[in-house]
Amino acid sequence: MDLKSELLKSIWYAFTSLDVEQSGKVSKSQLKVLSHNLYTALNIPHDPVALEEHFKDNNNGPVSNQGYMPYLNKYILAKATEGTFNKEIFDELCWTMTSKKNCKPSIQQGLCSQKDCFKLFCLFNLLSEDRYPLVIIQPELEYLLKKISSAMSLEWDVTVLDELLSQDAALQDGMSVWEFLEHLSAGQLLRIESKEAFSLALDDVFMEMYHNIIKKGYLLKKGHIRRNWQERWFILKPSSLTYYVNEDLKEKKGEILLEEGSVVENLPDKEGRRCLFCVKTAIRTYEMSASNVKQRVDWVQAVQTALRLRAEGKNSLHQELKLSRRKQRETLQRSQSNQTSHNEPTAVEVPQISAPEQQGEMENLEQHIESIIQKQREVEAKRKEEEKQEREKQQAIQRDLEKQLEEAKEVQEKMAVTLAEMEKEVQQQKKRIHELELTQVKLEEALNAQIHARLEEDRIRQELEGQLAEEQNKLAELLLHQSQLEMLAVRRQEDSFITTPPMSQETEESVQHDTEEVPVHESTSAATPPNIQQPEESGHITEREMVNQSTNTQMLKHWKIQLNRLMKPIAPGDKVEHLPVKPTCPRQGQALTSREFITKVQTGTTQEKGNGYSPSPTPEEEEQGS
């Protein structure tokens, strides 16, 4: 069936949906809208004037179907080109127009959804007979129902259809699309328990038959640049072999165009890969690996079928299978009619034909019928074998999927346990982080307090250092003032010594003796009172000057003695060892003289030198100091 016939089936449904009165005529305004939608769906330039020019002689009343067909063939179908438009969108437009009028609500409330009804509508048009009104005959209906059952991994029960045909004999001549949808949705053609399984199976059959998919599945493909093996989802059509990342068809990775001269070949095992085959084109060679030997055989046969269809100029495998089934039915009908025609003349001419000739004709006829029956049996056996293999394949796939589902559930449970443990660990880590943050805050507060305390300590230390510096300055001033006071006191004493009367001879001797015995301090031995003038060296010294000099010398010695007594350091009281007190005096009842006292003191002092007591300087040290 060519493209024009396929498009015309859908357009027929759209045209009849506009014929409300079922008179076979539609107004020109409705035809303008229909034509405009067909132009848009088929992606061809729209010519709004052509319809007016075509029907310019018939402005009165609606236009019949026969009157619209010439315009449809000339301006629409003749311009439609395969590959320039999306046929599914075109069929969906016609389905939308006709379903509003003819699709009953009970259909969508049953087994089939709105989307499933559209897919069944497309499959019905594909398998329907090329006569109007469109109907599907029993063999094609059985073929479609078996395909859907096989996709669900079920065996189709033919008794369901037989019961329906026995109840309604009119359906034996053919079933319209609305009757087909109504009976299928009511469960009178298939016994289905799950609507989801039916929708998935119908989608697989729709992709295979409507979109001309010969075969699809996963294969390992060798890269062209990296030369590594990657798993890809392949879809084989009569014109191409397309491969995607996975079966959701979202990311297309490449396409192998099956052109004239392309071949498919088996390859020996290599690089640790088994079940290898390749597709050679004029551009490059594509290497693939199947999961097992059976899969490789299936893929090689499928690619060979696609190459054969390409060479014959055919675009649909199921269209070819439909024509093949139709030819078989026609051959069987002709054989049956020939058998009937042979039987009738034979009955009339039996008296005129000899027995051997009649027996030979009967044998030939029986052989012919037997050959036809044998071929039919072979076809039926082959079909059953294919169905059995397909069913086993689907069952194996189902078992694999169930096993994968169980494994996925186990992995999911393990992941849930792992996630729970990780969540628990995360909570513990959060708690620890919170504790560490609190500890950090406390440490920062302690550090800030320590810093403030250190700053306060530095401030107090600076204040104390300032106060200490002030006290040292005050102490220095005090010592300076004290030294000034001492110097002033010394000067006053010197002044008082100068003004004192001359001593007696006894006193002078005592003083001289004390001067010889008492040491003078090194720091003051060379000091000279400021009021005592040193005698100038002169060559002429008078008697008066000699007397004054002798007097001054005596006064100086007396002053030194007194100054030495004043400047002698005083040791602490708790460390000074007191001189032993003798109970008896050398001169009992009498006082000691000055010389005896001094001799007594010197004797006691000499005895205590071993105890660390420092005696008074000797007369030689006194003379060196003076």
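R308 and E312 are about one helical turn apart, because four residues separate them in helix α12. Their side chains meet in a salt bridge, with 3.7 Å from N to O. R308 is partly exposed at 35% relative accessibility, and E312 is partly exposed at 43%. The model described here is a predicted one.

**Overall content**

The protein has 626 residues, of which 30% count as buried. Its secondary structure consists of 18 helices and nine strands. Among contacts with a separation of 6 or more, 64% are between residues 24 or more positions apart. The accessible surface is about 41,700 Å², and carbon and sulfur atoms contribute 52% of that area.

**Salt bridges**

The structure contains 20 salt bridges.

| Pair | N to O distance |
|---|---|
| E140 and R325 | 2.8 Å |
| E208 and K147 | 2.9 Å |
| R308 and E312 | 3.7 Å |

E140 and R325 form a salt bridge whose closest N and O atoms are 2.8 Å apart. This pair links distant parts of the chain, since E140 belongs to helix α8 and R325 to helix α13 (residues 317-349), 185 residues apart. Both E140 and R325 are buried.

The salt bridge between E208 and K147 has an N to O distance of 2.9 Å. It also links distant parts of the chain: E208 is in helix α11 (residues 195-209) and K147 in helix α8, with the two 61 residues apart. E208 is partly exposed, at a relative accessible area of 25%. A network of salt bridges links K9, E129, D130 and R326.

Helix α8 covers residues 138-151 and includes S149. S149 has a relative accessibility of 3% and therefore counts as buried. Beyond its neighbours within four places in sequence, S149 contacts L154, E155, W156 and L190.

Helix α10 (residues 177-185) is mostly covered, with seven of its nine residues buried. The buried residues of α10 are V177, W178, F180, L181, H183, L184 and S185. G187 follows α10 and has a positive phi, near 80°.

**The seven-stranded sheet**

Seven strands form an open sheet in the order β6-β5-β4-β3-β9-β8-β7, with antiparallel pairing. β6 (252-257) and β7 (263-267) are at the edges and each have a single partner strand, so one side of each lacks a neighbour in the sheet. On average, neighbouring strands of this sheet are turned by 35° against each other, direction ignored.

Strand β3 (residues 215-222) pairs with strand β4 (residues 229-236) over eight bridges in the antiparallel sense. Bridge partners in this pairing include K221 with Q230 in β4 and L219 with R232 in β4. The hairpin of β3 and β4 has six residues between the strands, and R227 takes a positive phi near 65° there. β4 is mostly covered, as six of its eight residues are buried.

β4 is also joined to β5 by four bridges, and the two run antiparallel. The hairpin between β4 and β5 passes through three residues. W233 is opposite Y244 in β5.

L220 stands opposite S289 in β9. Strand β8 (residues 276-280) pairs with β9 over five bridges, in the antiparallel sense. S289 in β9 is also the bridge partner of L276.

Which strands does helix α12 (residues 293-312) lie across? They are β3, β4, β5 (240-244), β7 and β8, and α12 runs at about 165° to β7.

**A nonpolar surface patch**

L447, I451 and L455 make up a nonpolar patch on the surface, and together they have about 270 Å² of accessible area. I451 is located in helix α14 (residues 355-498). With a relative accessible area of 40%, I451 is partly exposed.

Conventions: Residues are numbered from 1 along each chain as its sequence is written. This is a predicted model: local features need pLDDT of at least 70, side-chain atom pairs count only at pLDDT 80 or more; totals for chains, interfaces and linings use all residues. Side-chain values use heavy atoms; hydrogens and water are left out. Buried means under 20% relative accessible area, exposed over 50%, partly exposed in between (1.4 Å probe, protein chains only). Contact means heavy atoms within 4.5 Å. Two strands pair if DSSP finds at least two bridges between them. Axes are lines fitted to C-alpha atoms, for helices over the stretch in contact, and angles run from 0 to 180 degrees between N-to-C directions. Patches are made of residues with over 30% relative accessible area and no salt bridge: like charges are joined within 9 Å, nonpolar side chains (Val, Leu, Ile, Met, Phe, Trp, Tyr) within 5 Å. Accessible areas come from the Shrake-Rupley method with a 1.4 Å probe; for residues, only the protein chains shown count as cover. A salt bridge is a side-chain nitrogen of Lys or Arg within 4 Å of a carboxyl oxygen of Asp or Glu.
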